[in-house]
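Visitor: I would like a close look at one part of this model. Please take me through the interfaces, one after the other, and keep it brisk.

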Amino acid sequence: MRIVHVSNRALVVPGELLAEGDLRAGRGAYKEGQKIFSSVVGLVEIGEKEVSVIALEGCYEPRVGDDVVGVIVDSHMYGWIVDINSPYMGDLYAQDLLSKVDVTRVELSSYLKRGDLIFAKIGEVTSLRKVKLQARGAGYGKLKGGRLVEITPVKTPRVIGKRQSMLSMIQSVTGCILKVGQNGRIIIMSEDDKKISAITEALYMIEREAHTSGLTDRVKVFLEKRLKEDGEKASD
Amino acid sequence: MEKKLLIEGRRLDGRSPDQLRPVKLKAGVLKRADGSAYIEQGNNKILVAVYGPQELHPRHLQQPDMAVLRCMYNMAPFSVEERKKPGPDRRSVEISKVVREALESVLFLNLYPRSVIDIYIEVLQADAGTRVAGITAASVALADAGIPIRDLVAGVSVGKVDGTLVLDLNAEEDQYGEADMPVAMTGRDKRITLLQMDGHMTREEFRQALQLAMKGCQQLYELQKEALREKYSSTPKEVTG
C-alpha cells in the first residue's frame, strides 16, 4: 500500500508530508513510521521505490566518484590539504598525483603551491568524513589557465543536465571546454574574454533559475544572443 | 488610578486577546550568510543568519559523530529604549542556550560529523517575545541554508494581563502583566521544544495558555512555509545582455 501526497517536481519545505507506505526516503527526505517527510526546501522526485527531494540550497557533501575542483591550502610531508568547498577538507597524497615520487627527497611545494587549483576525483570518504582525493590520469591534476566560477553546489547537476544536455549545449554553442566540479566550482577553459564572461553569466543564470523548466533552451537563446552581440560590437 | 491593559476586551494596541501582532517574515535576506531570515512581529525587528555546516576550529571542540550547534542571541545597543551595553550578558547567554536547545531537536546533526552550524540572532528592535520570534526566524534561516531539518519550529509567547489570557504579548503587557510564557513548538506535530514561564498561572490557565500558544504557532508556521515558498515562486526574468 502506498499513498503519494505531492506531485512530482512540486516545491516543498521541511516537514511536509510526501508519501505513506512501502517507499524509501531518499536524499532530502526522512521516514517516521510509515510516513515520509521532506527535510529540505526543494523539488520532489518520486521514483519507483524512493521519494527524494532535490535541495535548492546547501553545502557540498563529498561522495566517492565525484569530480571536484580543489584549492590547495597547505602542503605537508606526504601531500597536500585541499579546500573542496565542503565542510570537510580533502587530502591529496603525493602518490595520488605523481606516479613515482620519493617524498623524502622532493619538496612537494614545487609541484603544487598554496592557492593552486586542481581537478580531482573523490577516492574515499570515511565515516569520520576524511576525504581522500585522486588526481592521477588524463584530465586530472593541476589546472592551468581558465576562469573559476563558483555557484551553489546543489545546483551543479543542472549545469550538467540530463545526459550532459546542458553542458554539451554550452560547449558546442561557445566552443569552450568546461570542467565542472560537483562541489560548485566550474573552470571555463578559454582564451576569449568575451566568451568567458558570456558563459559566466549563463552559469549564474542557471544557478538563479535552477528550479524552473525549459532552462536549457533559455540558456541557449541567451548565449547565442550574447555571442552575436559581441560579434557585432567587434565588427563596428 | 491604576492603568488598564485590557479595555472592553481590547488590548492597548487594539488587538483581541487571541490575536497575533502583524508579522512580516522573509527568507534569504543576506547574501554572505549560507542562510538567513528577517522577521518583524509588531515592533520586533530581528535578523537571523546561519553559517555552515563548516569545519570547526579549534579541533578539540569537534564531535567525532555529530555536528555542533552554536547559537548566539544578541541585542543591538539601540534595540531598547535605554541604550543596552553591547556584548553578551547573563540574559543573552541564557537565551542563546534555550534557543539552541529549541532548535537542536529538529536538526539531523549526525549527518555532519566534526562540523559546526552557527546561528546568529540579532535583535535590531525589541518589543517583547524576541526569543520566540528569533526561533521562528532561525528555523526559516536553517531551511534557507539547505540544512536538513525534521520540521520548522515556530514560537510565540502567551501571558496573563488583567486576569485574561492573551496571545503574543507586547512590551507593556510583558512588563505590567501577571504572567509571560514563551512557547516554541514544531509546526507539523506540535511538539514543544521550548517552554518557560514568568509569573503566576493556575493549572487550568496553563492548559488554556498552551492551547492559545498552539493556535499562534500554527499561524506562524503557515507564514514560515509561505516565506520559504515565496523565495522560489517568483518567475524568472529575462536577462538582457
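Guide: What follows goes from the contact between the chains to a contact between domains, and then to a few wider points. Keep in mind that this is a predicted model.

Start where chain A meets chain B. On one side, 34 residues of chain A take part, and they touch 36 residues of chain B. The area buried between chain A and chain B is about 2800 Å². Carbon and sulfur atoms give 55% of that area. Three residues of chain A lose the most area to chain B: A:Pro14, A:Glu57 and A:Pro87. Together they make up 18% of what that side buries.

One pair that forms a salt bridge is A:Glu32 with B:Arg188. Their closest N and O atoms are 3.9 Å apart, and the cut-off for a salt bridge is 4 Å. Polar contacts across the interface of chain A and chain B join 17 residue pairs, with both residues at pLDDT 80 or more.

Which elements of chain A give two or more residues to the side that touches chain B? They are strand 5 (29-32), strand 6 (35-38), helix 3 (193-208) and helix 4 (215-235) of chain A. Helix 4 of chain A gives the largest share, five residues. By class, this side of chain A has 15 nonpolar, seven polar and 12 charged residues.

Next, look inside chain A. Chain A is divided into domain 1 (2-55), domain 2 (67-142) and domain 3 (147-234). Take domain 2 and domain 3 of chain A. Their C-alpha centres lie 27 Å apart. Here 11 residues of domain 2 are in contact with 10 residues of domain 3. The area buried between these two domains of chain A is about 830 Å², and carbon and sulfur atoms give 52% of it. On the domain 2 side, A:Val69, A:Asn85 and A:Phe119 supply 57% of the area buried against domain 3, more than any other three residues.

The rule finds one salt bridge across the interface of domain 2 and domain 3 of chain A. A:Asp83 and A:Arg185 meet in a salt bridge at 3.0 Å, N to O. Polar contacts between domain 2 and domain 3 of chain A come to seven residue pairs, both residues at pLDDT 80 or more. Strand 9 (67-75) and strand 12 (117-125) of chain A each supply at least two residues of the domain 2 side. Strand 9 of chain A gives the largest share, five residues. By class, the domain 2 side has six nonpolar, three polar and two charged residues.

Stay with A:Arg185. The side chain of A:Arg185 also meets A:Glu150 in a salt bridge, at 3.1 Å, N to O. A:Glu150 lies in strand 15 (residues 147-150) and A:Arg185 in strand 17 (residues 185-189) of chain A, so this pair ties together parts that are 35 residues apart in sequence. Over all chains, the count comes to 35 salt bridges.

Finally, the partner chain. Chain B has four helices and 12 strands. The C-alpha atoms of chain B fill a box of roughly 60 × 50 × 40 Å along the principal axes.

Note on methods: Residues numbered from 1 in each chain as written. Chains lettered and ligands numbered in written order. Predicted model: local features only at pLDDT ≥ 70, side-chain atom pairs only at ≥ 80, totals over all residues. Heavy atoms only, no water. Contact = heavy atoms within 4.5 Å. Buried area = accessible area lost by both parts, 1.4 Å probe. Polar contact = N/O pair within 3.5 Å; in protein donor to acceptor, adjacent residues only side chain to side chain. Nonpolar A, V, L, I, M, F, W, Y, C, P; charged D, E, K, R; others polar. Domains from an automatic or database assignment.
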